[in-house]
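Welcome! Take a moment to look over the chain and its fold, and then we can walk through the main features together.

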Amino acid sequence: MCLAIPGEIVEVSSDRDDIAKVDVSGVRRNINIGLLGEPPAVGEWVLIHVGFALSKIDEEEAKAVLDFLSNVGQAYDDELDALQESSID
């Protein structure tokens, strides 16, 4: 199962305008933000799928989705494992 998971922007690359670092339940990884019309700012939330930010979401929605996903169990754990193993430079 593939999921789009919420991540909080913790850093936007100063070298590349299409790369940002997100925090997803304690896992920090670079993602591509090039699909978004306007780049997110630090502290904003995005939905991430296969290393790409698909859309911005508000913090309330992000936390509700994270709460739901933590109750899903293995599918969410698998997605976090895949995120931790991914690398976008």
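## Charges

To count charges, Lys and Arg are taken as positive and Asp and Glu as negative, while His and the chain ends are left out. In this predicted model, the protein carries 6 positive and 19 negative side chains. The centres of these two sets lie 6 Å apart.

## Overall fold

Along the principal axes, the C-alpha atoms fill a box of roughly 35 × 25 × 20 Å. Of the contacts between residues at least 6 apart in sequence, 45% join residues at least 24 apart.

## Surface and interior

The accessible surface is about 5,200 Å², and carbon and sulfur atoms account for 47% of it. Buried residues make up 36% of the 89 residues.

In soluble globular proteins, nonpolar side chains tend to be buried together. Here the largest nonpolar core has 17 residues, and I5, V22, V24, I31, V46 and I48 have the most contacts inside it. At least two core residues come from each of strand 1 (5-12), strand 2 (19-24), strand 3 (27-32), strand 4 (45-49) and helix 2 (74-85). Another core, of five residues, lies apart from this one and includes W45, I57, A62 and L66.

## A closer look at V46

Which residues does V46 touch, leaving aside those up to four places away in sequence? Among them are I5, I9, V22, I31, L36 and I57.

Definitions and conventions:
Residues numbered from 1 in each chain as written. Predicted model: local features only at pLDDT ≥ 70, side-chain atom pairs only at ≥ 80, totals over all residues. Heavy atoms only, no water. Buried < 20%, exposed > 50% of the residue type's maximum accessible area, 1.4 Å probe, protein only. Contact = heavy atoms within 4.5 Å. Areas by Shrake-Rupley, 256 points an atom, 1.4 Å probe, with all protein chains shown as cover. Charge placed at Lys NZ, Arg CZ, Asp CG, Glu CD. Core = buried A, V, L, I, M, F, W, Y, C linked by side-chain atoms within 4.5 Å. Helix = DSSP H or I, 4+ residues; strand = E, 2+ residues; numbered from the N terminus.
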